[in-house]
Structures are given as C-alpha cells and as structure tokens.
Number of protein chains: 2
Amino acid sequence: MEHPLDRVFNPRSVAVIGASEVPGKAAERRTRSLIEGEYEGDIYLINPKRSELFGRKAYPSIAAVEKKVDLVMIVVAPRFLVSAVKESVTMGAKGIIIITAGLGESGEEGKKIEAQILAEAAKTGACVIGPNCSGMFSASGNINLLGVPRLQKGSVSVLAQSGNVIDSLTHYAGVRGAGFSKIISLGNAIGVSFPDYIEYLKDDPDTKAIMVYLEGIKDGNKLIRVAMDTAKEKPVIALKVGRSTAGARAAASHTGSLAGDELIVDAAFRQAGIVRVTNVDELFDVAHTFSSCPLPRGNRVAILSEGGGDNSIAADNAESHGMEVPVLSKATQERMEPFLLEGMPASNPIDYGGTAEENPHMITECVKVCLEDDQVDGVYITGFFGGFKDIIAPHVAELEEQTSRELVDLVRTKQKPVFVHTSFAREHITSLDILKDGGIPVFESSERTARCLSALMKFSLNRKKFKTMPLLGTKGKEHPEVKSLFKKATDEKRNSLLENESRELLKNYGMVLPEAELARSPEEAAEGAVRIGFPVAMKVISPDILHKSDAGGVKLNIADRKAAAGAFEEILANASKVTAKERVMGVMLLPMVPKGRECIAGMIRDRQFGPVIMFGLGGIFVEVLKDVSFRVAPLREQDIDEMIHEIKGYKLLTEIRGEKAKDIGAVGDILARLSDIAVDNPEIREIDLNPVIVHEKGASIVDSRIILAGW
Amino acid sequence: MEHPLDRVFNPRSVAVIGASEVPGKAAERRTRSLIEGEYEGDIYLINPKRSELFGRKAYPSIAAVEKKVDLVMIVVAPRFLVSAVKESVTMGAKGIIIITAGLGESGEEGKKIEAQILAEAAKTGACVIGPNCSGMFSASGNINLLGVPRLQKGSVSVLAQSGNVIDSLTHYAGVRGAGFSKIISLGNAIGVSFPDYIEYLKDDPDTKAIMVYLEGIKDGNKLIRVAMDTAKEKPVIALKVGRSTAGARAAASHTGSLAGDELIVDAAFRQAGIVRVTNVDELFDVAHTFSSCPLPRGNRVAILSEGGGDNSIAADNAESHGMEVPVLSKATQERMEPFLLEGMPASNPIDYGGTAEENPHMITECVKVCLEDDQVDGVYITGFFGGFKDIIAPHVAELEEQTSRELVDLVRTKQKPVFVHTSFAREHITSLDILKDGGIPVFESSERTARCLSALMKFSLNRKKFKTMPLLGTKGKEHPEVKSLFKKATDEKRNSLLENESRELLKNYGMVLPEAELARSPEEAAEGAVRIGFPVAMKVISPDILHKSDAGGVKLNIADRKAAAGAFEEILANASKVTAKERVMGVMLLPMVPKGRECIAGMIRDRQFGPVIMFGLGGIFVEVLKDVSFRVAPLREQDIDEMIHEIKGYKLLTEIRGEKAKDIGAVGDILARLSDIAVDNPEIREIDLNPVIVHEKGASIVDSRIILAGW
C-alpha cells in the first residue's frame, strides 16, 4: 500500500504557488533549485501577476493548471494561505509544503489560520508540511525544494524544525563531499510531525540514518515509541535545543516551541536509543558515520598510533565516551610484536613508533591483527596518517595510498569499523580520500573520532537489546473497580483519591501492601490493632487532610489496645481543628514497617512525553541531591533495570556498611505496575509512593498519594 | 640579571652533536630546520664520520669547535650521551637539548645515564632539556630545532612532553595561519621542568598565552604555585592525559610518567586557574583565542544570528560552558529594535532575521548596541557570516567585507571580545580573513566558539580574584612541642600519633577541641567524668589499637560515676584481648558531642602535589557518593570557600528540613589550620578528622588520626 508520504517524496508533478524571479527571495531560491535540479515531473509556477517565469508559462492560479498536481509548495502572505490550500486540495494535492512564516509562532491570528489550513487538508487527507518551514529535498524523487543548490545524493535523511540548521548541514555536506537521502524542514509542524516522518524513514530503504533537529517536542510519547522501534533498524541522531533557559527562550520565539524538563528529555531519548548530540557539526559527523561504516558488535576498541602522546589522548577520549580499551590477549600481542620496534607496547594502545612513517604498510599489518581478534570490535588509528609524505619524503605518498586501499579492504572483509584521526584531515590528500570513499571516517579531532565511533558502538549494543525487549504487558485487563474509584472521587468533587482508595487501586494492579483497617471509633481502633498486631501505625483519612503528619494525623508505634483507642481520639481531635467531623472518614491502622532503605517511586504525566515513571532514594537523596531516574511508560524490563542502577546512590541498595543487599526485584515490580497503571488510566495525573521501604526481602509502600487529572 | 633560559631561547651559537644528512632521520630534520630557518648565530655540525654536512664543515667532536657554544642539541645513541654532555659543558654550553630516546622511560639502565648527565650539567649549571624530546623553537632567537619547517612567529608558547603533540599543534597552526613564540618539547624532563618553564614564560613579554601538554606531573606543588602566579598575568592552558586507565597505560609506556588521582589533578588545576582542555585541537584554539582577543570583564554574552535555530544552539552552548545569556535591558532592546524586523526578539539571543543577509551592516549596528551595554561582556555571532554572498548574490561579498572591517574596529574601540561561528569558517573567504586578521576568532563549530569565549571569561574573572588573594599565613611560628611529638613517636617506633597526641598537635595549631582527660584507673575515670560532666564518651588509647570501636574500645553516653568506672574496666578487658597491658596508655574521657551535621576533613600527602586538603560530608556521603573536595596546600581563603561550596551535599550545611544552617566559618577555620599543619610538618603523611560534627555554632572534632611519613 502506498504511504501518504510516498507521493510527497516522489511527486509526479509539483506546483509552486507564489513562484518568483526576484533574486534572493525565498520563493525564487526554491523555484530555482527545483527547476535547475534533476526533477523530471511536471512543474507549474503560479503567480497571478506574471505570465512567464524562468522562461516558463506562469499560471494565474493553481486552479488554472490543466492536470492534477501531486505536490504544492506555497510561498504567499498568510492571508492568502487558506484559499491556496483549498485550491491545492481541489487539484488533488497529496502534499502541501507551506514556506510562509508568521503563523502560529507569531500569535493567535496565525494559529487560527493554521487550524483552517488543517481543516481544508483533512478533507482529502493531504499531508501538510510546515508552515514556517524551508522546504524539502528527496534524492529518490530527484526533487530539491530547499533553495540550496547542488545537493548530492546520499543515505542520510534529515528532519529539522529550523531552516538554518538545514542550511548548515547541507553546507557541511558540500564542504565534505557528502549527500542526503531526504530532507524535510518541519517548521511549525502542524500537520505531519516528527514521529510520522521517523516512522516513514524507518522503512525507507534509501535511508541508513536519520538526523533530527528539534526545538520542542509535541506528542513525545509517540516519538519515543517510534524511535524505539526505529532503533532496531537504523539510528536516530537528535539535536534537541532548549537545554538552557536562554536556549529555551530562543526556541520559543523561533517556532513557538516550549522546552521541557531537560532531565526527562534526556532520559526519554536514552530510553528510546536516540543518539543525542548538542551541535550541528556533531549531528552531521555522527550521522554520516552510520551511513558508511559496518556496525561493530561491541564497544571494545584498539588504538594505534605512531606517537605515544596521541595514543594517550585517544585512550582518554575513548574511555570518557564509554568505550573499553582492553589490554589485548597475549596471543594477539605476540602476533603484533614482529611489526613493532623492540620494547614498544603492543598491549593497547599500540605504539608502532616512527617506523610507520617510512613504511605505512606496517599499519595494515597491525590493524589486521586487531580486527582478527574476537575481543576487538573496532580500530581507532590516531596521529598523522596522510601526512607521512610531508614528514618524511614525497615517495611515501604512494605507500600511504597503498595502505589506505589495504585498510579499506580490511574493513570490507572483516566487517568491523576502522576510524582515522589525523592532523591532516582538512587537507585534500589522496590517501585520505581513498579512506573516505572506502567508508573509513577521517577526522581532524580525536574527540570527534571517539564520539562517532562510540555512537556506532552504543547504537549497535542497543539494537541488539531492543530487538528482544518487549514492552511490559499493559491494557490487557479491564479494571472496572479502579474506574469506579475515579467516578466516586469526581462525584465528590475530589482531585485526589483517599489513601484507602489509593491502596485499593494499587492492590488492584497486584501491588503488595501491608494489611490495613479503617477504624471509625476508638473501639474499632483497638479491635483492629489487635487483628493487625502491635505495634501499629495510625493515620487520619480525610479528603481535606493531604499532609497528615503536619496536621497531627499520624501516630506511630502504638503498643496496645488502650494506646490505640487513645490515639484514635487524639487524631480525631487534631483533625477537627482543620475540617468538619463528617469530612473525616476514619483512621487507618497499619502494621509498623520494619527497617529498610527509604525510596520513592511515582508517576507524573509530562506535558511532552505523557506518563513518566520516577524512582529514587528518599529523604535527603531526593530533596538535596535530586537523585532520581525517569523513564517514559510503558516500560520495558531493561528500562526498569536501568532506572534502578543509574541513581547515584544505587550502592545503598546493595550490601554496604554491614547491611545486606535490598530486594531490587521488589522495586522493579512496583515500577512495572506503576507503568501499567499509568498507561491504563489517563484519569491519573500523578502517583506518589513515598516512602517505599525496601527490605532484604520485599518492599513496603508506606504512603501513597494519587492525584487525578483534569484539575 | 640573565635568566638561565635566556641563552637557551636566544643562543649566539648552536652545535648539533650527531648531525645527519640521511633524509627523514630525526637528526636530519632538525639540522635542516635549523639551517634553513632564520637563525643568525654560528652553527656547528658534529659528526665524526663526516667532514662535511649540508655543504658545511663538519666537526669530529664538539671539543674541536673553535669557540664557546651556547646551545647544544644531542642526537646520539644512549651510550655516547654522557661524554657528549661532558664535552658540551666544557665548551661552555648553557643549554643541552637531548633528543635521544630509550633513557629513563625504558628502564634502570637509562635512569643511570640520566643521573650521570645531570651530574655533569650541574658542574656549570647548564640547563638540560629532554632527553626523549623533540627539540625547541624560539621566535625571539630565530631558531628552529624542531624539525618542522616553516614555523610562523606568534605570541603563544608551547610546553609539551610529547613530540607528536607538538607536531599536531604546529600543523594546526600551519593550516590556520597562526604562529608561536616559544616551543619546548620536555620529553623525560630530567633537568628543566614544567614549573621552571612556566615561571620563565610568565615574565616573557613575547608570550601572551602558555599551552601545556602533560603526561605526568612531577613537583606538582611547585607547578600549582607557579601556575597560580602566572594566572595573574596570562593564561596557562593545559592538556593532561591519563584520565583513563588506558590513557595512563599509554602515558606510562611513553615518557614513563605515572598518572595521579584524576580528582586531585582536576581540583589542583582549577585551584591554580589553569584552563584545562582534553584535546589538542581544543588546546590550540583556546590558546590562540587568548593571543588575539581583548579580555572581557565578566561572563555575560549577547548572542546574535540571522537564524533562530543557531541562536538556540549557541545559547545552550553558552550556558553549558558557564556563561550567562542575560535578557538585555529595556534600554538596550529599544536601541536595537530599529535594526530588527518587526516582532523579532531583541531580548537575547537576538534574531536579526533574513535581512542581514542582504544588508550585513545591520550586524555592525546590533553588535555596537550590545558592546555599549555595560551588562554585556562579549558578543557571540552565529550563523552564516561570510557566506551571505553565496546565499544571496555575489555583490554582497563587498558588504560583508565592509561589515568585517567595522566589527574589527568595534572590538578595538570597545575592548570587548567578539566571536564568530559560521558554517563557512573552513573556506578562504575575504570577509572572514579580515575578521581573523583583526583579532576576531572565527570557528566552524558553535560548541568550540562557546568553549573558547568562556575560557577567556573564566580566566579574566580568575585573574581579578587571584590578584587580591594571598596564601593563608604559614611557616610563621615554630612549633617545638609538635616536633617533640614526632620525636617521641619515632623513638617508640610508632607510625602514628596516639589520639591524645593528635589532639595536642591540633590544639597547638589553634583548633578548638572538646576538653578531655586521660584516665589510668577506674577511679580516675569516675573523677574525670565528673569534671567533664555527664554524659561522657570513653575511648581506649593504645598504639596497637587503631580501630577503637571494632576492638570494643569505645563506650558512649556514660551517665554516672559508677558507669564510668565500669566502662573503664570493660574497655581495658577488651583491650587486653588484642595487646599487652603496658601498651594501653589509658582511657580518654570526653564530653558527648551535641547533634549536628557529620563531616570529614583531612590531609593527604599526594605523590604529585604534596599536601592536599580534603573536605566532605561524612557517612554514606563519603563512602557511597565520594562527595569530597580537594585543594593543594597552602590554601587561600577562596580555596576554602570553594571546597565547602562545591560538594554535592553542600545544601545540607544550609538551612534545610527544619534544621538551622551550620557554622561554615568553623569548618573553614579547621581547613585553614589543616593547611598550616600540612605545610609546616612534612613529617605528617596523613591527617583524618572523622567525624567532625558541625553545629549551628562551632564544630566538634570527635576523632582524629595522624599518620607519620616515612613508613
């Protein structure tokens, strides 16, 4: 079946409404790049003031075109937009690209126009791209509507909210001789959005890697799901701005995007296997690495150089980017030694000393030994390759070129990546061109080399994991009892559940909670306490008392019947100071929880990502150190495992200071069930389990608070 | 007075022992760069096997030279080194550069030769550079002994342990058209060391910035002192490898350097105002920024661009590098608005939209408004400057060049730095060349732009602070009582002080400790406890019992006379299980310490930096989170302030969770006195005050342990 975007990227005909010949204008540049490119379909230029443009017939309106039109690019003032879209839809447009700015990002008036545009497009299901965007390029469609001349074809696709980021990327590509598969400028993205495009590109055989530039995130939950799926096939590399307050300010004024909580964005991206970068040049380099290199199986790298200084720097870079630089096996070292000077280390990093400069072939030999070692996943050559001829003598050039060819062959036969860092990377040197053309990335910066190689390795490891990682089961069972709790609260105009209701909800999802009873009199309190077993804890239950301790509504370590009855009366007396008697549902009796590690777990419904699950150590750890981890629900088992392990205080859950290890499985169980609850029940805005006391076996949810949405 | 290095960098005559004509050899390249360079003094080539080299007379030995020789470069096999040095010294050499490798870094044999070389040089005080180094360049001396042809003169000097890092730096400079003042390859640095060179370059009028590449640190304390002093004048930018285990491995095999504790290295560098970088290209860029730009007064930056995407990225980069991107004052925004399109933000970042591309002069106007605002310390232009002519039309080139001239003028008259990030930075474009020649750095990477500008700002702020920041008073007073404690311990063959001795030492340096008494019998314990006041704590004192609690040697909360006497007997009974009776000096009685925040303070004598003071929160904070800060002693007030504030749990010393703020002044006092003790008493290897309980007023040192050196 044809995907709606197929026709957008491969249109049989294109119309430009607002086509222009005035040099430097947005419409002129895009019309020119269309006409002067390789596009083979029909082109219709629309401009009521002109009968001819670029030596072609100009139409007064799209309605005047004789045939149906697949794709329309519109560059007219905002007030003409709605009718232009309407006419385009009538003419059968499958895609409408709106370059015009000054819409939703400028205020209410623009937002109204955007809504009308969407309504018109919805009539036939036409895709709307933009507005406030800079156009589109498609290698498969031979079409260039970006206004950037001379774009080469390649296997990396670009999705970007900002036009000038696309300008930067295409410029970098020009300087470096690289190309693109598809480029879309999303602008305000009122129609087709990031997840839609990513989903499409996931299955696009012409796209090996997807670059994404985002200012804000709409529909983040879908984005994460789609990215997760995509990460099983190909990488999504994303630059998301707005990390800083000034960055968020700039993004807001640019495409009207609002930045989200940076901690959650970061966690969500990691969860989805999105490779996150912070700059455009890094975005470009990382993505193009993926388009040319074989994927490594792991993250173990061998580092080789003719100089010890470069080796040290490369090793520091490699480890700080999460790669391992293992000591090579004795067998591999022995195979390597014949090629090295006596006494030079073969352990890794490997120093082949100054002799490689005269005899570069030695590099091939050393790299071959490394690539044939099962414990090496990739090779990182650092130093001056390509410049040996300058350092030693011109005749070395030929030897370097031969070595380049050998290295390219090695990568092809061994199917492991080799990366080259060299001070000569910026120059046009034949030996380096051979490497680049043969799929060996060449960088001037050692840091960038490590960054790109590590991205490849991390993606590869994620891909393996993601392939066998189902989402935890959700939406399986109906929970009518839970829905009736929401109804009751809503009927009673409450924005939160009472603690006994919260407990009921949690139990309904299989959480284990200490037995409890609700007492309505001193006698019931005494009786109930006996059944639960002393010592007990007692807590007031009232919709008006959220902070129970502050209101004198909690008594701990109640040791006997008499004390229980007395505590009941005291709690009620305290409660009566803040609310009416009939607003107190009673006092809850609970067993005292044995000692353990204090944690918190919870759920918040994030503006961008929807349900987000949180975990952390309690007390000062959360209050002072903000030591919490986040993941977007629904969770996978791996997510839970990472959430627990990535908190700074994780060690406190292990055996430490004479205390036995805590039951991490019980924590994981709580997080999994929170995920289920969050996905099943959009009625809930926030869940707060605080504290959760984690024991050597099991965990006790001491207090739970559930806030409802719509308040 | 002439500095010993003056003659090294400006020699009147140079001899090369081991000069060679064999292409590509180390000796040949260096001899050639000397001869083909601008050197105007006498050159003597020494090679017993040749009568002529490079068309010049060759001498059989340096002794055969007719005149005295200022500087000698030696490139002979290790076994000939000692006699070569001996002869050089005899010939009056002030400096001896030893290129030869395979010395100390290769083993004991090499270390012996190094010692002999030093002994020969010491006879006349000649400076030894290397061995295992790659040579020297001096712009003032017109001399190039690096073997790298065509080095330009500039105002940045380089000190590097690795030869290939120097090759990288000189290559970068060549590609970018930049130059150097002095370059020294230190190699094994057995003679002149890093602090010596830095001290010299501090006062060198030709050097504006100092680049340092280190593999290991010898004499770190001196390095920190010298760098601190230098930071009052000019920046020291350092790349120190060995952060990773593999990096340390590579460095160790390269120059025999051992890496130190990374946390301490990092803290020491920050303390000294050293700008730390992690890669060679970054080292180069940061240092050259200093050589061309006026110093900003603060860290507030205005960001300008023709595109919103670039602005967002730049703002994120700026803040993540510690710069402020303040909202500009209303007055400044009003001055700016006439130059901007309607509705474009002037708040900062500033978006001058697409119109600058046709009319670049607008950029000058906007930059001028920013630079004239007292609340702006620098300007960061991002986007496509230099490429407007490509984007719009060729005639714009001239307008861009005019704008470049205007910007250069603005920097000169306003004396604030302007940085440019542009996608076109790699191309040779006249408008960009005008900027670079006029002292406006131009980068292809937005991240690098932020990195360099922030380095300038941080250095400037440090410089201001450092100028008025004396070291805390030390070495003022003699402490004979303290020295006698060491003597007693040594006489008794103890490697640590007893706790009563530790207390005496601390008190001698003005630390406030709770009153204590040493009881030698149950009766004395009861009497003493009365004097101190109940409840008391009791601790065993014995050289054989270091971990008192584990040995049952501590009793807390002793409430009355009888209990005190009983506790004494119990403690002694426990002690007798691990040591002889006569090895127990008694039981110390102390008041119970009121509650407060548990901290630790201490001193360790680091292999690289000497005395290092440590501070942190106690308990799990130090054990699990490693939440400690370090500074090299002697401290300055600022150091103490930073040590206390930079721990992650700092907030726990402030008002939090209903507890009042703790006495940070008392903590600072302890750290200052620890610094004094550490500097005065090299006999001490380690001091451990753990715990120190910090109260709302004052702090109690509950336990102290002092370990002596030489064990």
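**Figure 1. Burial and overall build of chain A in the predicted model.** Of the 711 residues of chain A, 61% count as buried, where buried means under 20% relative accessible area, exposed means over 50%, and partly exposed lies in between (1.4 Å probe, protein chains only). This is a predicted model, in which local features need pLDDT of at least 70 and side-chain atom pairs count only at pLDDT 80 or more, while totals for chains, interfaces and linings use all residues. Residues are numbered from 1 along each chain as its sequence is written, chains are lettered from A and ligands numbered from 1 in the order in which they are written, and side-chain values use heavy atoms, with hydrogens and water left out. The C-alpha atoms of chain A fill a box of roughly 100 × 80 × 45 Å along the principal axes. The secondary structure of this chain consists of 25 helices and 29 strands; helices (H or I, at least four residues) and strands (E, at least two) are DSSP runs, numbered from the N terminus. Among the contacts in chain A with a separation of 6 or more, 71% come from residues 24 or more positions apart, a contact being heavy atoms within 4.5 Å.

**Figure 2. The domains of chain A.** Chain A is divided into domain 1 (1-132), domain 2 (293-468), domain 3 (515-592) and domain 4 (597-708). These bounds come from an automatic or database domain assignment. The C-alpha centres of domain 1 and domain 3 of chain A lie 69 Å apart.

**Figure 3. The interface between chain A and chain B.** Here 76 residues of chain A are in contact with 76 residues of chain B. The size of an interface is often given as the accessible area lost when the parts come together. For chain A and chain B the buried area is about 5,900 Å², with 54% of it on carbon and sulfur atoms; buried area is the accessible area (1.4 Å probe) that two parts lose on being put together, summed over both. Across this interface there are 29 residue pairs in polar contact, both residues being at pLDDT 80 or more. A polar contact is a pair of N or O atoms within 3.5 Å; within protein, one must be able to donate a hydrogen and the other to accept it, and residues adjacent in sequence count only if both atoms are side-chain atoms. Elements that give two or more residues to the side of chain A that touches chain B include α5 (163-176), α8 (245-255), α10 (280-292) and α18 (446-467) of chain A. Helix α11(A) gives the most to this side, with 11 residues. The residues of the side of chain A that touches chain B divide into 27 nonpolar, 29 polar and 20 charged. In this grouping, Ala, Val, Leu, Ile, Met, Phe, Trp, Tyr, Cys and Pro count as nonpolar, Asp, Glu, Lys and Arg as charged, and the others, Gly among them, as polar.

**Figure 4. Salt bridges between the chains.** A salt bridge is a side-chain nitrogen of Lys or Arg within 4 Å of a carboxyl oxygen of Asp or Glu. There are four salt bridges between chain A and chain B. In one of them, the side chains of Arg243(B) and Asp316(A) meet at 3.7 Å, N to O. This pair crosses between chains, from Arg243(B) in the loop between β13 (236-240) and α8 (245-255) of chain B to Asp316(A) in helix α11 of chain A. Arg243(B) is partly exposed at 28% relative accessibility, whereas Asp316(A) is buried at 2%. Asp316(B) and Arg243(A) also form a salt bridge (3.7 Å, N to O).

**Figure 5. Salt bridges within chain A.** The closest N and O atoms of the salt bridge between Arg426(A) and Glu444(A) are 3.1 Å apart. The two residues lie in distant parts of the chain, 18 residues apart. Arg426(A) is partly exposed, at 29% relative accessibility, and Glu444(A) is buried, at 10%. A further salt bridge joins Arg597(A) and Glu659(A) (3.6 Å, N to O). Arg597(A) lies in strand β24 (residues 597-606) of chain A, and Glu659(A) in the loop between α24 (637-646) and α25 (664-680) of chain A. Arg597(A) is buried, with a relative accessible area of 17%, while Glu659(A) is partly exposed, at 35%.

**Figure 6. Helix α9 of chain B.** In helix α9 (residues 262-271) of chain B, the buried residues include Ile264(B), Val265(B) and Phe269(B). Asp261(B) caps the N-terminal end of this helix, with a side-chain oxygen 2.8 Å from the backbone nitrogen of Leu263(B). Gly273(B), whose phi is positive, near 75 degrees, follows α9(B).
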